[in-house]
Every structure is written in C-alpha cells, then in structure tokens.
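User: Hi, I have a chain open on my screen and I'm new to this. Can you walk me through it?

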Amino acid sequence: MRFKGYRVAVTGAGRGFGRSLAIELGRDGAELFLAARDFQAAEAVAEEVRHLGGRAHAFECDLAEPESVREFAETLGEVADRLDVLVNNGAPYLDAGGFLEADDAQVAATIAAGATGTVLVTKALLPLLLRSDRPDIVTMVSGCGEYGNHRSEAHEAFYAAKAAQSGFTEVLSKRLRPKGVRVISLYPPDFDNPDPLAPEWDAERGPGDALSARSVVDCVRFAIGQPRDCFIKSFYFEQA
C-alpha cells in the first residue's frame, strides 16, 4: 500500500497503458480518478480496481473537446478537495498507413487531444494539485516526442502532438518548480502491454525483450515515490 492516501487522476484510463497504470496504482493503495472518452470504459477499469480492494471513480472526458475537459475538472472537484498526481496519458495513436492517407478530421482530432487536451486538462486540474503537499504531473510523451526520433510508424500528426507535449512539459517543469510541483515526462518507445491481471504481467524479462508496460509503470512509481527534494524531469529509454 505504498501510495495509500494519494489521489491520482489518469486520463486515457479506459484501455491500454492507462488501464495498466490504474490497476497497479490501485493495488498500491491510491485513490483513482479515471477519465476516458467513453465513460463505460472508464467505469469498467474503475470496477476492476474496486474488485482488487481499491478506490476508483470514473469520469467521461474527451480531450479534444475543451468543454468536456472543463466538465471533467469541475466534476472531479466536487468529489475531491485536492489532487496529488495527474497522469497525462490520454492521446490517441494514429497510424493511417501514410501521411496522405489520414483524413483531415483524424489529423485534427489527434493533435487536439494529444496537444491541446494535455495543456487544458493540466490547466484545469492545477488548482487541485496546488492544494497538495506532494503534487506531481506525469506525462506519457513517448519516444515520438524526442528530437530527431523517426523510428515509430506513427502518423506525422501523432509526432506533432507528442512534440507539443514535450515542449509544454519542458517549460512547465521550470515554471512550476518554485511552487513545489514536479513535472515528470516519460519518453518510451513502442512497448508491450500485457494484461496486468494476467500471469504474463509478472513474467521475467531480459535485455533481449521489448520494453514492457510493467517497467514503465515502475518508472512512474519510482518518480512519484521520491522525496520532495528529488525532481526527476525525464525518463528516456534505449530502443533495441
């Protein structure tokens, strides 16, 4: 119960890595506020956390829609008077098969949710974070946000969204540090995401294996679990 008493909001929590992180932090004792574009998906993950004995609340939040972000923040503020950790995980992946194959709506939605949505949800929840004595903002940027990275097959719009996240968190870390807010960015390459409720989650892994979501979760745990004089700004990963 390492994070008992922590209140943690996770965007994009209805599936994939967001679900994995929610389940693991729930096991660690954190109270979770899980947001997803599809409320039922967020509620399903919240129920999994509750089944494990944790506390979780589900919210609908479409990061591409500013009004939805505001409603999420207002509703969260009605059930919690502070927030200790915000995990910016929500960002739609796009692989349309080529630059010209994606239609304009896909491009706009990818950048709106990943870039604008990350900025707006951080802005909306910052007042709750500032009420905490251990506020952290964790952003899952991905290797696509690294300067010069071209290894992923993701669409150029996804790269654009991740580059925006990287620039945003870089300046935010400088400006919020005097307020005691740690801004932590992770830049993992594409990684495996086994089910955290299946035996594969605990399988032993070696240097020849692809990066696992479990290892990425452990990086988040490590960063937010450090003493408050320890500001870990970024995690970068080698890609085999």
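Analyst: Start with helix α1. Ten of its twelve residues are buried, so the rest of the structure largely encloses α1. One caution: the model is predicted.

User: Which residues of α1 are buried?

Analyst: The buried residues are F17, G18, R19, S20, L21, A22, I23, E24, L25 and G26.

User: What comes just after α1?

Analyst: G29 does, with a positive phi of about 100°. D28 also lies in the loop between α1 and β2.

User: Is D28 buried or exposed?

Analyst: Buried. D28 has 12% relative accessibility, and the cut-off for buried is under 20%.

User: What does D28 touch?

Analyst: Leaving out residues up to four places away in sequence, D28 touches M1, R2, F3, K4 and R221. R221 is one of the buried residues of α6.

User: Okay, α6 then. Which of its residues are buried?

Analyst: In α6, the buried residues are A213, V216, V217, C219, V220, R221, A223 and I224.

User: What do they pack against?

Analyst: The list is α1, β4, β5, β6 (182–187) and β7 (234–236). α6 has twelve residues and reaches 17 Å between its first and last C-alpha, close to the expected 16 Å.

User: Zooming out. How many helices and strands are there in the chain?

Analyst: Six helices and seven strands. Along the sequence they follow the pattern β-α-β-α-β-α-β-α-β-α-β-α-β.

User: What radius of gyration does the chain have?

Analyst: 17 Å. A compact globule of 240 residues would have a value near 18 Å, so the chain agrees with that. Its C-alpha trace spans about 45 × 45 × 40 Å along the principal axes.

User: How much of the chain is buried?

Analyst: Buried residues make up 50% of the 240 residues.

User: And the accessible surface, what does it come to?

Analyst: About 11600 Å², with 51% of that belonging to carbon and sulfur atoms.

User: What about contacts between residues at least 6 apart in sequence?

Analyst: Of those contacts, 70% join residues at least 24 apart.

User: How many positive and negative charges are there?

Analyst: The chain has 26 positive and 36 negative charges. Their mean positions are 9 Å apart.

User: New topic. Where is S142?

Analyst: S142 sits in the loop between β5 and α5 (156–176). Look at its phi: S142 is not a glycine, yet the value is positive, about 90°.

User: Why look at that?

Analyst: Most residues other than glycine have a negative phi.

User: Is S142 buried or exposed?

Analyst: Buried, with a relative accessible area of 15%. G145 is also found in the loop between β5 and α5. At 10% relative accessibility, G145 counts as buried.

User: What does G145 touch?

Analyst: Not counting residues up to four places away in sequence, G145 touches K162, A163, S166 and Y187. As for R177, its C-alpha is separated from that of G145 by 22 Å, and the two are 32 residues apart along the chain.

User: Last one, helix α4. Is K123 buried or exposed?

Analyst: Exposed. K123 lies in helix α4 and has 64% relative accessibility. Exposed means over 50%.

User: And L128, buried or exposed?

Analyst: L128 has 7% relative accessibility, so this residue counts as buried. L128 is placed in helix α4, which covers residues 104–129.

User: What is L128 in contact with?

Analyst: Setting aside neighbours within four places in sequence, L128 is in contact with L76, G77, A80, D81, R82 and L83.

How values were computed. Residues are numbered from 1 along each chain as its sequence is written. This is a predicted model: local features need pLDDT of at least 70, side-chain atom pairs count only at pLDDT 80 or more; totals for chains, interfaces and linings use all residues. Side-chain values use heavy atoms; hydrogens and water are left out. Buried means under 20% relative accessible area, exposed over 50%, partly exposed in between (1.4 Å probe, protein chains only). Helices (H or I, at least four residues) and strands (E, at least two) are DSSP runs, numbered from the N terminus. The radius of gyration is taken over C-alpha atoms; the globule rule is 2.2 Å times the number of residues to the power 0.38. Contact means heavy atoms within 4.5 Å. Accessible areas come from the Shrake-Rupley method with a 1.4 Å probe; for residues, only the protein chains shown count as cover. Lys and Arg count as positive and Asp and Glu as negative; His and the chain ends are not counted. The place of a charge is taken as NZ of Lys, CZ of Arg, CG of Asp or CD of Glu. The expected span of a helix is 1.5 Å times one less than its number of residues.
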